[in-house]
Amino acid sequence: MTPKEVLALCREKDVKAVDLRFMDFPGLWQHFTIPVTKLDEDIFEEGLGFDGSSIRGWQAINESDMLVVPQPDTAFIDPFTQLTTLVLICNIQDPITREDYSRDPRNVARKSINYLKSTGIADMAYIGPEAEFFIFDDVRFDQKAQCGFYHLDSIEGEWNRGREEKPNLGYKLRHKEGYFPVPPSDQLMDIRNEMMQTMIDCGLDVEAQHHEVATAGQSEIDLRFQELVRMADSLLIFKYIIKNVAKKYGKTVTFMPKPMFGDNGSGMHTHFSFWRDGEPLFAGSGYAGLSEMALYAIGGVLKHAGALCALTNPTTNSYKRLVPGYEAPVNLAYSQRNRSAACRIPMYSPSPKAKRIEYRCPDPSCNPYLAFSAIVMAAIDGIQNKIHPGDPLDKDIYDLPPEEAAAVPKTPGSLDAALDALEADHEFLLRGDVFTQDVIKTWIKYKRLNEADAVRLRPHPYEFCLYYDI
């Protein structure tokens, strides 16, 4: 869509307001709104000013002026606003130099694809995330100097079998049995259908929706793979729609990886493949139908997995899900069918176009622009340096003898450890000026100060259960 076509769409749909959206550094969508009468073709070139110092992880107060530059091909009508509103996703620029801002996550993603093209390896990276989430009926939480708590509730929760609901109909999902019972046990079918249809109305290509494994409303909606930047854009629209449809039903959604103890957490298995001149490059005659390039890509991802976790699993809560001994893929190995391996090769279709790598570690708390870019950069490094991943691990990892299991490398056990890994291993991210030193240092500093240290310094409620009577 061109600027002229965007303006024509505004006239056709009788748009009254234009919402300009962009991603902050940690990973939340931000926005401001202008009357449609203020939108003209020049804005798509010149942009509009805003205060960059108020955005997390961005400019200092003495360098606060920034520009948002709307991208016409991202336009869609907001399905939730009372006033007809057009949404435009924006790039961020410096108003003096007119250079793209290095800490704009969307800029990082665009640079990662440009770098991939410059290497001659491929001209396209397709990404297909499977983002899981919980739909809750009620959430309360607080943290003060003298107290801290959280409380979640769901009509589906196993713990509500004995609750007085006038009447309680008894259809509660047992822990780890939410995959795939039909209604009435699955009580969220209509909500997920509305989420799915709203996504389709907004231009997203939805493949399926279903209940996930956990009790208490764990769900998944899958999008068809797309080019990297477009998929990151789509994932933000995806989250926006899911949260607002849930709100319409008086419910609340979280993409926290592990909001609930004793049941499955929410991952974001991320499928990726490289293409050139319209042809897939990961299909071949090797293991699981992979090409040599695909094996090297796996080698790069496994080699850099520790550093990747700082970007693909970027919260302290992420490491409540990535725990050895459970289904979460903490084992840095690859396999064609073993879901406890970090890299899996899906075998659903024999078509070369379907051949891809599924990286199972990421979770939906990540900033998708940064996470997808980092995965691609690790794969490029593997291909350039011919990093072979070794032999596949097709055995049940949890039935291995202790000495054999101990030899399988694992993901970091905490956000601190992942940040340490990124600090020690990020040269592969700097190539092509995709992630700059400033971006890496700012990310590590922000995450340590505002998240890792903030959680480490506060007492945990369970510590009172363990230690109060000492």
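Which residue in β18 is the bridge partner of C343? I looked this up and found Y359.

**Basis of the entries.** I worked on a predicted model, in which local features need pLDDT of at least 70 and side-chain atom pairs count only at pLDDT 80 or more, while totals for chains, interfaces and linings use all residues. Residues are numbered from 1 along each chain as its sequence is written, and side-chain values use heavy atoms, with hydrogens and water left out.

Entry 1: I took helices (H or I, at least four residues) and strands (E, at least two) as DSSP runs, numbered from the N terminus. Two strands pair if DSSP finds at least two bridges between them. Strand β17 (residues 341-344) runs parallel to β16 (residues 331-335), and three bridges join them. Within this pairing, I noted A341 of β17 as the bridge partner of N331. With β18 (residues 357-359), β17 pairs in the antiparallel sense over two bridges.

**Entry 2: E358 and R360.** I then examined a salt bridge, meaning a side-chain nitrogen of Lys or Arg within 4 Å of a carboxyl oxygen of Asp or Glu. The side chains of E358 and R360 form one at 2.8 Å, N to O. I classed residues as buried under 20% relative accessible area, exposed over 50%, and partly exposed in between (1.4 Å probe, protein chains only). R360 is buried because its relative accessible area is 1%, and E358 also counts as buried at 1%.

**Entry 3: other salt bridges.** I recorded a count of 29 salt bridges by this rule. One of them joins D438 and R103, with the closest N and O atoms 2.7 Å apart. This pair links distant parts of the chain, 335 residues apart: D438 is in helix α13 (residues 437-456), and R103 is in the loop between β6 (85-93) and α3 (105-119). D438 is partly exposed at 32% relative accessible area, whereas R103 is buried at 15%. Also in α13, E451 and K447 are separated by about one helical turn, because they are four residues apart in that helix. Their closest N and O atoms lie 3.0 Å apart in a salt bridge, and both residues are buried.

Entry 4: I located Q209 in strand β10 (residues 206-211). Q209 is buried because its relative accessibility is 14%. For polar contacts, I required a pair of N or O atoms within 3.5 Å; within protein, one must be able to donate a hydrogen and the other to accept it, and residues adjacent in sequence count only if both atoms are side-chain atoms. The Q209 side chain makes such contacts with the side chains of R192 at 2.4 Å and N193 at 2.9 Å. Contact in general means heavy atoms within 4.5 Å. Not counting residues up to four places away in sequence, Q209 touches M189, R192, N193, M196, E220 and I221. Strand β10 runs antiparallel to β11 (residues 218-223), with five bridges between them. Within that pair, H210 stands opposite E220. The two strands form a hairpin with six residues between them, and A216 in the turn has a positive phi of about 70 degrees.

**Entry 5: G300.** I found G300 in helix α6 (residues 292-303). At 0% relative accessibility, G300 is buried. The C-alpha atoms of G300 and A379 are separated by 4.9 Å, although these residues are 79 residues apart along the chain.
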